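This report describes a predicted model of two protein chains. It treats helix packing, the relation of the copies, the domains and selected backbone features in turn.

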2 protein chains.
Amino acid sequence: MRALILAGGSGTRFWPLSRRARPKQLLALDGERSLLQETAARLAPLAAPADLWVCTTRELGDAVRRQLPEVPSAQVLEEPVGRNTAPAIAWSVASMPAAARQGVVAVFPSDHRVADPAAFRDVLARAVAVVERDDRVMTLGVKPYRVEPGFGHLELGEPLPGDPELRRVARFVEKPPPETAERFFHAGNHLWNAGMFVFRGATLLELLARHQPELAAGVAEIAAAPGRAGELYPRLPAISIDYALMEKLDGLGTLPLDCGWNDLGSWEALAEGLPPDAAGNAARGDVVALDAEGNLLLADAGTVAVLGVRDLVVVRTADAVLVLPKERSQEVRRIVAELAARGRDDLL
Amino acid sequence: MRALILAGGSGTRFWPLSRRARPKQLLALDGERSLLQETAARLAPLAAPADLWVCTTRELGDAVRRQLPEVPSAQVLEEPVGRNTAPAIAWSVASMPAAARQGVVAVFPSDHRVADPAAFRDVLARAVAVVERDDRVMTLGVKPYRVEPGFGHLELGEPLPGDPELRRVARFVEKPPPETAERFFHAGNHLWNAGMFVFRGATLLELLARHQPELAAGVAEIAAAPGRAGELYPRLPAISIDYALMEKLDGLGTLPLDCGWNDLGSWEALAEGLPPDAAGNAARGDVVALDAEGNLLLADAGTVAVLGVRDLVVVRTADAVLVLPKERSQEVRRIVAELAARGRDDLL
C-alpha cells in the first residue's frame with residue numbers, strides 16, 4: 001500500500017509553540033519525535049518510506065523533508081496554496097505513478113496521536129484487505145471514548161461482507177449538539193470521523209470525476225503540466241474530501257479504531273495525553289512547581305516556575321509565554337488573532 | 001549634608017527579575033531609572049553627587065558605580081561580606097573624611113519608592129535642621145496609609161522643640177500582630193520604621209562607642225587599616241542599626257513622612273504602585289491580555305500573553321517565567337529556595 005500523509009495544516013491552537021513556519025504536525029508535542037514523524041513511524045510496518053507521500057505547503061516543504069529524510073524528495077508535494085483536503089488528496093493521487101495509483105492508497109492526517117500503533121495497524125491492514133477484495137472506499141472511524149460534540153460523527157449502517165466489523169457508513173453527522181453527542185455515545189452506533197481513508201487510487205479519481213468533475217478536470221490538467229501548478233492549483237474548488245466525495249458515496253465502508261487516538265486539538269487535549277506528576281501537573285522541560293495542581297507546564301526554552309496555581313496552561317518558548325486556564329485552551333486563537341491585528345508577524 | 005545610601009541588599013523577592021548579581025535596588029522596577037538611581041536623584045537637590053556615599057557589597061560594587069557614575073568611585077564602599085546595617089553604617093561613616101563626619105549624615109535604603117520627592121525632601125531638610133540645631137539623632141517615619149503588620153512601627157512620644165511635628169520616639173515595635181497593627185493605624189500614634197536616619201557622623205560614632213564598644217572598636221581598626229578590611233570586617237557583630245543603637249537612644253526624634261512611600265517589598269506591592277490599564281492589569285513590556293483582570297504582567301524579555309486569568313503575577317525574563325497568585329507574592333522565596341536546593345546557580 002501507499003500512504004498519503006496530509007501535512008499542510010497551519011494551526012494556531014498550540015501557540016506560542018506552533019507558528020506558521022512550525023505548525024503542530026512538525027512539533028514534538030508528545031515525545032521525542034514530531035507528530036509527522038510519529039505518523040510515518042506508525043505506518044512503517046505497512047508502508048515503507050519509498051511508499052510514503054506527503055502533501056504539504058510550499059512554506060513547509062523543506063521542513064517536512066528534513067523531518068522525513070527517508071521519504072523520496074519528489075514525494076513531498078507542495079501545494080502552492082491550501083485548498084482543503086479534496087484538492088490535496090486528488091492532486092497527490094494524480095501525481096503518483098500509474099502503478100502506484102492502481103494500488104491501495106491510505107490517507108492520514110499528520111497531527112494526531114495514537115497510543116497503540118499495533119491496534120491501529122491491525123485495523124488499517126483489515127481495511128486494506130477490504131479495499132483489495134471489493135474495491136470499496138473505506139474510512140477508519142474512531143470508537144468514541146467520551147461525549148464529544150467537537151467532532152464529526154459517522155453513523156453506522158448495515159454490516160458488509162469481508163470483515164466481521166465492517167459496516168456501511170449510513171450518514172455523516174457534522175459536529176452534533178451536546179445532547180445528540182451524548183445520545184450517540186451511549187447508543188454506540190457512531191464513530192468519530194478522524195479523516196483517515198483507504199481506497200484504490202484510480203477508483204478515487206474515477207469517483208471524483210463523477211462527483212466533482214471540475215475538481216477532477218483541474219487536477220488532471222495540473223498532472224499533465226506540473227509546471228503550471230502555481231497558476232492552476234489556486235483555481236481548484238476549496239472543499240473537503242468529506243463534502244466533495246465521501247458523504248456522497250453509497251458504498252463507503254468503515255471499521256472501528258480503538259487505538260488510543262487523540263486529535264491533540266488543544267493544550268487541554270495534549271495535557272490529557274501526558275502522564276501527570278505526583279501533584280497532578282503535566283510538565284515538560286525545566287519546570288519548578290510548588291503547591292500547584294492540574295496544570296500543563298511546558299518549558300520549550302528557559303525555566304517555568306509556578307506556585308499556588310491550578311488548572312492553568314503555562315507554555316514558555318524562547319520569545320513568548322502563554323498563560324490561560326486549561327478549560328479555555330481553545331481561546332488561544334483569540335490571542336493569535338490579536339497578535340495578527342497588531343501586525344506581530346514575528347510571533348505568528 | 002552627606003547622604004549614605006545602603007545598597008548591599010540581595011533580595012529574592014523579585015525573582016526572576018532580581019538575581020544575586022542584579023538585586024532589586026539595581027532594577028528599574030518602576031520607571032526608567034533603577035531604584036538606586038531614583039534614590040540618588042531624589043536626594044540630589046540636598047546632596048550633590050560629591051556628597052553621596054554608597055555602601056554595597058563587593059559583588060555589586062562595579063554595577064553600582066556604573067549606575068551612579070557621578071558619585072566618586074572611592075565613595076562606593078564595598079563590604080567584604082554583608083553584616084547587617086549597623087556595621088555598614090558605622091564603617092561608612094568612619095570611612096568619611098573628618099570634615100564630612102563632623103557634618104550631618106543621612107542614611108537611606110536604596111530600594112524604596114517615593115512618589116512625591118518634594119514632600120520627602122521637605123521633611124528631610126527639616127530633620128537636618130533639627131540635627132544641626134540640637135545634635136539629635138533623627139529617624140524619618142512613614143505615616144501609615146494602611147494596616148500593615150509587615151513593618152516595624154515607631155511609637156510616638158512627646159513633642160520636642162525645634163519643629164512643630166517633631167516627636168520623641170517612645171518605642172520601637174517589631175512587626176505587630178494584625179489586630180495591634182490595626183489599632184495602631186486607627187489611633188494614629190505610630191509611624192512605620194523605614195530605615196531612614198539623620199545624625200551628625202561624629203555623634204553616631206560616639207554613641208556606638210558607648211552602646212556597641214566591640215563594633216565601634218572593630219570599625220576604628222578597619223578605618224585605621226583599610227587594607228585589612230577583608231580580614232576584619234567579617235568579624236564585626238552582624239546586627240541592625242535599630243537593635244544596635246536606635247532602640248537604645250532616649251533622645252531619638254522623628255518627623256512624619258507623607259510622600260507616597262512604598263517599600264516595594266513584593267510583586268504585589270509593586271503592582272499597587274503601577275497605574276492599571278483599562279482592564280485593571282498592571283502591565284509593562286510586550287504584553288497581550290484578553291479577558292484578564294487584576295494581574296501584574298511584566299515582560300522584561302519576550303512577550304507575555306494571558307487570557308482569562310485574574311490576580312496573577314506573570315513575570316517573564318530572558319531565561320525564566322514566574323506565575324503565582326498576587327496575594328502569594330511573598331512565597332516567591334520558596335521558588336528561589338527550591339532552585340538553590342537544585343543547584344540552579346544559573347537562575348539565582
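Axes here are lines fitted to C-alpha atoms, for helices over the stretch in contact, and angles run from 0 to 180 degrees between N-to-C directions. Helices (H or I, at least four residues) and strands (E, at least two) are DSSP runs, numbered from the N terminus. On helix 7 of chain A, the contact is made by A:L205, A:L208 and A:A209, and on helix 8 of chain A by A:P213, A:L215 and A:A216; residues are in contact if their C-beta atoms, placed from the backbone, lie within 7 Å. By class, this contact has six nonpolar, no polar and no charged residues. In that scheme Ala, Val, Leu, Ile, Met, Phe, Trp, Tyr, Cys and Pro count as nonpolar, Asp, Glu, Lys and Arg as charged, and the others, Gly among them, as polar.

In chain B, helix 7 and helix 8 are likewise oblique to each other. The contact there involves B:L205, B:L208 and B:A209 of helix 7 and B:P213, B:L215 and B:A216 of helix 8, again with six nonpolar, no polar and no charged residues. The table sets out the two pairs.

| Helix pair | Distance between axes | Crossing angle |
|---|---|---|
| Helix 7 (201-211) and helix 8 (213-224) of chain B | within 5 Å | roughly 130° |

The model is predicted: local features need pLDDT of at least 70, side-chain atom pairs count only at pLDDT 80 or more, and totals for chains, interfaces and linings use all residues. Residues are numbered from 1 along each chain as its sequence is written, and chains are lettered from A and ligands numbered from 1 in the order in which they are written.

Chain B is superposed on chain A by a rotation of 180° with 0.1 Å of shift along its axis, at an RMSD of 0.1 Å (least squares on the C-alpha atoms of residues with pLDDT of at least 70 in both copies). That is the relation of a two-fold axis. Between the chains, 27 residues of chain B are in contact with 27 residues of chain A. Strand 12 (282-290), strand 13 (296-307), strand 14 (312-316), strand 15 (320-325) and helix 12 (332-341) of chain B each supply at least two residues of the side that touches chain A. That side of chain B has 18 nonpolar, three polar and six charged residues. The copies meet through the same surface, because 100% of the interface residues of chain B are also interface residues in chain A.

Strand pairing also links the chains (strands pair if DSSP finds at least two bridges between them). Strand 15 of chain A and strand 13 of chain B run parallel and are joined by four bridges; A:L322 has B:A305 as its bridge partner.

Chain A is divided into domain 1 (2-262) and domain 2 (267-347), with bounds from an automatic or database domain assignment. Their centres, taken over C-alpha atoms, are separated by 30 Å.

Finally, the peptide bond from A:W15 to A:P16 is cis, with omega near 10°, and A:P16 is found in the loop between strand 1 (2-6) and helix 1 (35-43) of chain A.

Technical notes:
Contact = placed C-beta atoms within 7 Å. Parallel < 35°, antiparallel > 145°, perpendicular 65-115°, else oblique.
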